[in-house]
Structure formats: C-alpha cells, structure tokens
Amino acid sequence: MADSFTNEQWFERAKEVIPGGVNSPVRSFRSVGGTPYTVRSGHGSHVTDVEGRVYLDFVQSYGASLLGHAHPVVVDAVEVTVKNGSTFGAPTPGEVLLAEAIVERVEGLEQIRFVSSGTEAVMSAVRLARGFTGRDKIVKFDGCYHGHSDQLLVAGGSGVAELGLPGSAGVPGGAIADTWVAPYNEVPRLDDDVACVIVEPIAANMNLVQPKEGFLEGLRAECDRVGALLIFDEVITGFRVGPGGCADLLGVTPDLWCFGKVIGGGLPVGGFGGSKEILSYLAPQGPVYQGGTLSGNPLAMAAGKAVLDAVTPNDYVELTERAQNFARSFCGAIRKGGLWACVPAAGPLLGLYIAPPGSDFSAPSNYAESKAIAETGLYAPFFHAMLERGVALAPGSYEVMFVSMAHSDEELAMTIELAQDAAASVVTALA
Ligand SMILES: *Cc1c(COP(=O)(O)O)cnc(C)c1O
C-alpha cells in the first residue's frame, strides 16, 4: 500500500527514478536541509503528507492556488470537462471564455494566447517582442525570475545594465549574449537596439521586493523613448494582487503581459497578451511562430475560468487586508520571539525575511539586499521550527508566502502564535 511509506521512503524511491527526487529543484529542501514532505492531498488551506501529518500551507503551489486546494468550483469544472475529453488539437469554447474573462478584466489587454506554463508564456512574449521590433537585445532585472528558458537564465552582473553570465550550466554564452541585466529599482538607460524590457512589476522570486515609486513609470518612459516594448511578467501577480493585476494596481500599462499560475486554477497553464496590433505578429497571422499541442488545454481553461468567476473585486480587497494585517502581527510575533524579521506586503503577497537578533537591515529594494539577508542563514531554522509546529512555509529564502482565500482568521491567528514560539526556539538554539 502506497500510504504505508514514510516521507523518507517516498523520497528515497523518488531519488532512484527522478533526478534529485523532484520535478522542480526548490521542492527538494536542498536550501533548508532535511527531507521534503510528500503530499498525499490538499484541501483549502491545508495539505496532508503521506504520514498523515497536516500542515497549514502557505506555499499554495507557489501561487497557482488562490481559492485553496481542491476548491469545489474547480473540482466541478474539471470533472465536468474531463468527461467530455481532455484535449483535441482543435479550438474549444473554453479557451474563448477564459480569454474573454481575462481581456474583460485587464485594462489595455486585447488578446491573449494560452500556453502550458509561465516559462513558455515569457519565452513566447520575448520572441514576439523581438519579432515586432525587429531587434534582438532584451533587458531583465537581477533577481527577477522569468522561468527557465535559456535566454532568461542569466546571472546578474553588478552595476547598471551589464552583460550577465549564464545562470545555469547548459546555457551557452550565445543564448544570453543579447540579454542585459540591470539592478531592480533602477531605470537603465536604453539604446534603440533594445527589443524589450521584462520585469516582475512586484518582484516575488527574490523574496518580496516592491517597486519603488517611479521605477515602473521610468521603465515605461524609457521604453517609449527608444521604441522598446515593456513586458510585465505577471505570472505570480496576475489575478492575485487584484482583478486587473499589477498594471491596474500600480497604474503603469505594459505592452505585453505574461500570466500563469492563478489563471490555470492549479492546472498547467500560461498566457501572454497585449494589443491586437502586436499580437497580429503571431502565426498564423504574422511571422512569429509559436504553438503547442496542449495549448489552451480544456481542463486548464475550465479550472482557470472557474477561479476567475469565483473571485469578486471585493474578495481581492478583503484578501489583501487580511494578509496585510496578518503580515504585521506575524512580523511582530517573530520579533517578540527574538529574531529580526521583516514581512513586506504587496497586495496579499507577503515576503518573509529572517535574520539574527539585533540585525539592522531594512526592507530590500533589490536582489543584493535580499541576498544579504538570506545569507545570514536563519530562514532555514525558522522554516523547520514552523514546519514542526504544523505550518508549511516555502522551503527557500527567496520565495514568498501565499495567503489563499481559504486561510481563516483563526488559522492566521494560530500562525502568529506559533511564530513567536518558533522564533524563540531558534534563538535558544543559537545560544
Ligand atoms: C512561476 C513564474 C514563472 C515560471 O512559470 P512556470 O509555470 O513555472 O514555468 C515565470 N515568471 C514568474 C514571475 C513566475 O513567478
């Protein structure tokens, strides 16, 4: 019986047949140490591991889950859809309905094409930007994550808009020769050979880093000055920080948007969109090729549509308020427990910075500052102290916390209490 295996046993079996035992590196617990829990099921704000241990889950599939796990509207949508077949390689009504729902909600977005992951969405958006402008160079920001395509797996340099080094073995120098890396929150000066600037409008893959006043506006103006396209990678922020995403929340409109995570309701999905003028460059209308066997997959479309339908604009306001109140008390509790902490909030997205008692960091505004806090090494013991108490944070200090709509006030209050105790236990172990 599968369930008589422990987490340890499942992970050992996994390591035999799956590299590192995981299908995405962060899941391996490599950066916090220990053995990952293997999830058997998840409902609402909780996941249950194969040993029957229940965790209050702040990972929420790294943001793919907004309503919480196995929400009835999503389960129903997928059940109804799958009974009629899960993929056809032909147009389906479901993809039209989800595209309409997104176009309706995102001011300035006229068309969207669906793919199967955030990585694919970004990769395709960059190709489209290059095809549209007839230019090769792209600019990204140090610490922003845009999926694992070669051209964007680049390690940042120091200084302004430097040529980076490959961020992974297997990425040839040539693949990133046209990728320039700039520090987040500084507007780089562009040349007129730049096709696009891609940015996480709220950076949520280097822990949480908020855009400074004027940063996104500055990017918009600089792109306009040289005729480059501005791409917002809203794979995490889209339909999480608000019904219209960051562009709406922050008042800056990009030329292209990338989505993923929430819009698939927990199924594999991505999407990229913009104006009809730019999107007309895509095949079959235009010269930029892009396609996919499972693109616009009926199950993902149905799940995503069910989520968007279930969430009202007011739900976002409430979720944000609840998450931000939680952030303040959670941070206070960790500090009361004796550790240094900072829990910045952008909409309902929460950062979590932990450092030794008496540290005097401030909320990071770029990757270098985020890294300095991560390198104190105190996230890992705090993570484990919380996990022992039944609260699952992300197993890495560059991730953010996801408060879903399923997290109750009682659960958030309990988390705050546990956090003080967890922090105190870490401080005791330090002594
Ligand atoms: C998760 C993420 C991606 C990659 O999406 P995948 O579905 O994992 O390929 C790209 N950009 C951002 C901002 C993300 O958070």
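The legends below describe close-up views of a predicted model.

**View 1. The second largest pocket and the residues around its centre.** This pocket has a volume of about 520 Å³, and its lining is made up of 26 residues, of which Glu95, Arg113, Phe114, Ser295 and Gly296 lie nearest the centre. By residue type, the lining of the second largest pocket divides into twelve nonpolar, twelve polar and two charged residues.

**View 2. Helix 4 and strand 4 at the second largest pocket.** Helix 4, which spans residues 93-105, and strand 4, which spans residues 111-115, each supply at least two residues of the pocket lining. Strand 4 gives the most to this lining, contributing four residues.

**View 3. The largest nonpolar core.** This core has 105 residues, and those with the most contacts inside it are Ile102, Phe330, Ile334, Leu352, Phe382 and Leu393. Helix 10, residues 313-336, provides the largest share of the core, namely nine residues. Because domain 1 (2-66 + 312-430) and domain 2 (72-310) both give residues to this core, it lies between them.

**View 4. The surroundings of Leu352.** When its neighbours within four places in sequence are left aside, Leu352 is in contact with Asn207, Phe330, Ile334, Cys342, Val343, Tyr379, Phe382, Leu393 and Met401. Among these partners, Phe330, Ile334, Phe382 and Leu393 are, like Leu352 itself, listed with the residues that have the most contacts inside the largest nonpolar core.

**View 5. A second, separate core.** This core consists of 21 residues, including Val122, Leu128, Phe272 and Val288.

Definitions and conventions:
Residues numbered from 1 in each chain as written. Predicted model: local features only at pLDDT ≥ 70, side-chain atom pairs only at ≥ 80, totals over all residues. Heavy atoms only, no water. 1 Å grid on protein atoms, 1.4 Å probe; cavity = no way out; pocket = protein on both sides within 12 Å on 5 of 7 lines; lining within 4 Å. Points joined across faces, edges and corners; volume = space filled by probe spheres on them. Nonpolar A, V, L, I, M, F, W, Y, C, P; charged D, E, K, R; others polar. Core = buried A, V, L, I, M, F, W, Y, C linked by side-chain atoms within 4.5 Å. Buried < 20%, exposed > 50% of the residue type's maximum accessible area, 1.4 Å probe, protein only. Domains from an automatic or database assignment. Contact = heavy atoms within 4.5 Å.
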